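Work through the exercises below with the sequence and the structure at hand.

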Amino acid sequence: MAKEIIRLDNIRRTFIVGGEEVHALRGVSFAIHEGEFVTIMGTSGSGKSTLLNILGCLDTPTSGEYYLDGVAVRTMGRNDRAMLRNRKIGFVFQNYNLLAKTTALENVELPLLYNSAVSARERARRAEEALVLVGLKERLYHKSNQMSGGQMQRVAIARALVNDPVLLLADEATGNLDTRTSYSILVLFQELFARGRTIIFVTHNPEIAEFSSRNIVLRDGRIISDEVNPNIRSAKEVFDALPNDDN
Amino acid sequence: MNLFNLLKIAIKALGNNKLRGFLTMLGIIIGVGSVITMLAIGQGSKQSIKAQISQMGSNMIMIMPGGESRGGVRQSADAMQTLKPADYQALRDNCEYIAGISPMVNSSGQLVNGANNYPSSVWGVAPDYLDIRKLELEEGSMFTDRDIQSARKVCILGRTVIDNLFPDGSNPVGKVVRFNKIPFTVIGILKSKGYNSMGQDQDDVVIAPYSTIMKRVLSIDYIQGLFASAVAEEKTQFAIDEITEILRRQHKLRDDEDDDFTVRSQKELSDMMSTTSDLLTMLLAAVAGISLLVGGIGIMNIMYVSVTERTREIGLRMSIGARGRDILAQFLIESVIISVTGGIIGVLFGVGAALLVQTLFHLNVEIQLYSIVLSFLVCTVTGIFFGWYPAKKASRLDPIEALRYE
């Protein structure tokens, strides 16, 4: 059995909105092991955003316990969680969140800037490596506003990988992209999965579940299904089958 | 995160918004620049005023015969004959704090040159008189101690007197004018000084050796007063004390006896001067403070806008591991860079403006090193002070909210 990266024990998250309690998560438990590619699905209001924030150590559960790579997160302070995010998690956002007017390389270096153990030279080397890995070898010095959506998302993925995280956390990572580019990004995720990366991909698009190894569905703050996908579709095949508009 | 990385991030962020950064700096540039220029002009005019006042003789001391009162009865100074030429000699030989001393005897009368005559008064003095009253010769020479010993009948004329006695514009030097029927040879001409602040014509003056006036004109053995100048304005009080002590000894006055002379200085003048210049400095400091404050508020405003505008960026930085204090430091460093860069440009601008004022308006300008150091410190503090609130706000953002901010 592979190493356990994530363990959620009866996670509850309650918000107080306008004097009323809103139960966003009502007891969620699951474990994710190293090398899994898990999609978390749910409609809006299902609690998936809250779950994503908790998984990403941006938020803490009201009750229950969350272990990330064996570390209990719930009782951690803000600064410790920031450190944890810096070392163990790579975020990929729907809208990329790249710094404007900044080169791909500098964008990818960013997480390492907040890690004083990494020297400037080391930082540049690792950022370049990550960019090569996502297929942007030729775009190291392009600024974020000179790139297409797909390229920007690749930069964002490289940025998520540069600190060698135990968990890659994607939030609707293909949501802003056209079909063709979406598949090319899915291809990249599947490549990373093949290399043994642990990926959690939060989405409301059921199609994406076909490309992951496991699918968790949330509704009204509870898990309604948690299934391993026995027939993972190859995103590359779908991508290659797509008509190429450029020709 | 180390300081170098923070600096890099801040410079990068400022570089992305050069125009805005520059406009923000403008507040500081103008603030610091005006401080330096104002203080330079202020100090320059202070020096000018000081020079002008000392031109008027701020270190001048007058010694008149007669005490303030004697036996309760105030006396007319004219009636006093307590000052003698010997007192002059004693003061001249023994005083350390006086730069020059001259006796003074005065006689009014009619000056005659051929068909022209003019009513004036002749001042009998010693050669030091020129220095004490800041008078200069335009032509000819001053009489000497030797002329005084021999009581030579020579005189030096002021411009107004010359205009009246020599209306044809001929050179009076070497000519003989008569004063109360006594012939005096003109040996020099005083440089014109114009009217003083009291409206007196400073050129309506005739000076001659005091011995000549005493012996040949007035036939007296006492002097009517003494003019002296202290070595420096701030030494005036020492000089007064010294003069008083020497004269009391000279006049063999017992401790319980009042002075039989009066020593006066131009203290009011110098007091007025220091009050004026202090007021000027205070005024300039106030202007400086206000402009720096306005500049600081400009920084706060822009940093506040910048924080709001970059909320998503802050959210991103937090999500990839920036702690609150990293964000705080980043924005604080940005505002300090703005204020310090603005400060540097402001110093250059201020020095340049001061020099320009000097060249264009011929004002005396003295650039103060302390004003440069001070305004530099102040603008750094301004940057930290006014950058603190927006930076603190940025550092307290909730990363989840910040990431979602539209």
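**Exercise 1.** In this predicted model, determine how many residues chain A and chain B bring to their contact, and work out which helices of chain A take part.

*Solution.* Begin with the two sides: chain A gives 20 residues to the contact, and chain B gives 18 residues. Next, look along chain A, where helix H2 (78–88) and helix H3 (104–113) each provide at least two residues of the side that touches chain B. Of these contributions to the side of chain A that touches chain B, the largest share is the six residues from H2(A). Finally, sort that side of chain A by class, which gives ten nonpolar, six polar and four charged residues.

**Exercise 2.** Find which residues touch the most other members of the largest nonpolar core, and trace the neighbours of A:Val108.

*Solution.* The largest nonpolar core holds 118 residues, and within it A:Val108, A:Ala158 and A:Ile200 touch the most other members. Taking A:Val108 and leaving aside residues up to four places away in sequence, one finds that it touches A:Ala127, A:Ala130, A:Leu131, A:Val155, A:Ala158, A:Arg159 and A:Val162.

**Exercise 3.** Describe chain B by its helices and strands, its buried share and the sequence separation of its contacts.

*Solution.* Counting the elements first, chain B has 13 helices and ten strands. Of its 406 residues, 41% are buried.

Terms used: Residues are numbered from 1 along each chain as its sequence is written. Chains are lettered from A and ligands numbered from 1 in the order in which they are written. This is a predicted model: local features need pLDDT of at least 70, side-chain atom pairs count only at pLDDT 80 or more; totals for chains, interfaces and linings use all residues. Helices (H or I, at least four residues) and strands (E, at least two) are DSSP runs, numbered from the N terminus. A residue is buried if 20 or more other C-beta atoms lie within 10 Å of its own, exposed if 12 or fewer, and partly exposed in between; C-beta atoms are placed from the backbone. Two residues are in contact if their C-beta atoms, placed from the backbone, lie within 7 Å. Ala, Val, Leu, Ile, Met, Phe, Trp, Tyr, Cys and Pro count as nonpolar, Asp, Glu, Lys and Arg as charged, and the others, Gly among them, as polar. A nonpolar core is a set of buried Ala, Val, Leu, Ile, Met, Phe, Trp, Tyr and Cys residues joined through C-beta atoms within 7 Å.
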